[in-house]
Amino acid sequence: MKRVSRYVGVLVAAMLGMGVLSAQAANQSPHEVVSQSVDKLMSKLDNNQDRYRNHPDELKSVVEQNIDPIVDWRYASASVMGKYFQAASPEQRSQFARVFKQTLIDTYAQGLVTFDYKDVRVLDNNQNQRYENQASVDMEVIASNGERYPVSYTLRDRDGNWKVINVVVNGINLGLTFRNQFDQAMRSNNRDFDAVINGWSPDVDLEDGDGDNQKAKD
């Protein structure tokens, strides 16, 4: 990866706090499920922080086990491909979904052991839903130095299960950021899907931001 801020750990902490989202009961809202899961999973991670620093592959496995069930990878990767999605072959779409998933898991695992977080809090959510099948859950990651980082998830109801489709971290819309980067990569590679997919390396800097990062919700 080109450059990954240590503050991507903000996203890691919050993501893993939602790790049992896929096991929600039918009558539970996304907010209720997230609230119940945070303490349990964050405690588990805190108790193994030193071990994970020395066993990165084990950490990646833990990250994947916890976030894989709660993310709609196919929907999210199609959104990142944006206007190019229809022109891609089914094989290219599937390959990008796999690459997109693995690069994010690697990024989250790296951020987890470098970001010194103290607490993760689920906030009261009074936002109006734009669609019946979409919801938002707001969280706050508190660093050891007292700094607070807002995290807002967009979730989509898929066959009765709520799945994450986008995240805004510290004002940075990751879905829009990655879509802009995919567009730029396509332009730089003469719209060669295979070259873009094989070279996919998202640039995430949640601390300073740059020209690719968009501070707006889609």
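Guide: The conversation below covers the sheet, the nonpolar core and the aromatic pairs.

Visitor: What kind of model is this, before we start?
Guide: This is a predicted model, in which local features need pLDDT of at least 70 and side-chain atom pairs count only at pLDDT 80 or more, while totals for chains, interfaces and linings use all residues. Residues are numbered from 1 along each chain as its sequence is written, and side-chain values use heavy atoms, with hydrogens and water left out.

Visitor: In what order do the strands of the sheet run?
Guide: Five strands form an open sheet in the order E1-E2-E3-E4-E5, with antiparallel pairing. Strands are DSSP runs of E with at least two residues, helices are runs of H or I with at least four, and both are numbered from the N terminus. Two strands pair if DSSP finds at least two bridges between them.

Visitor: And which strands stand at the edges?
Guide: Strands E1 (117-122) and E5 (172-173) do; each has a single partner strand, so one side of each is left without a neighbour in the sheet.

Visitor: How many bridges join E4 and E5?
Guide: E4 (residues 161-169) pairs with E5 over two bridges, in the antiparallel sense. Val169 stands opposite Ile172 in E5.

Visitor: Turning to the core, which residues touch the most other members?
Guide: In the largest nonpolar core, which has 46 residues, they are Phe96, Phe100, Phe182 and Trp200. Helix H6 (residues 90-112) gives the most to this core, with seven residues. Such a core is a set of buried Ala, Val, Leu, Ile, Met, Phe, Trp, Tyr and Cys residues joined through side-chain atoms within 4.5 Å. Buried means under 20% relative accessible area, with a 1.4 Å probe and protein chains only.

Visitor: How many aromatic pairs are there?
Guide: A search of the whole structure finds eight. Rings of Phe, Tyr and Trp (its six-membered ring) pair if their centres lie within 6.5 Å; planes under 30 degrees apart count as stacked, over 60 as edge-to-face and the rest as tilted.

Visitor: Why is the pair of Phe96 and Trp200 edge-to-face?
Guide: Their ring centres are 5.3 Å apart and their planes stand at 80°, so the pair is edge-to-face. Phe96 is in helix H6 and Trp200 in the segment after helix H8 (193-198), 104 residues apart.

Visitor: What about Phe182 and Trp200?
Guide: Phe182 and Trp200 form a tilted pair, 6.0 Å centre to centre with 50° between the planes. Phe182 counts as buried because its relative accessibility is 0%, and Trp200 is buried at 9%.

Technical notes: Buried < 20%, exposed > 50% of the residue type's maximum accessible area, 1.4 Å probe, protein only.
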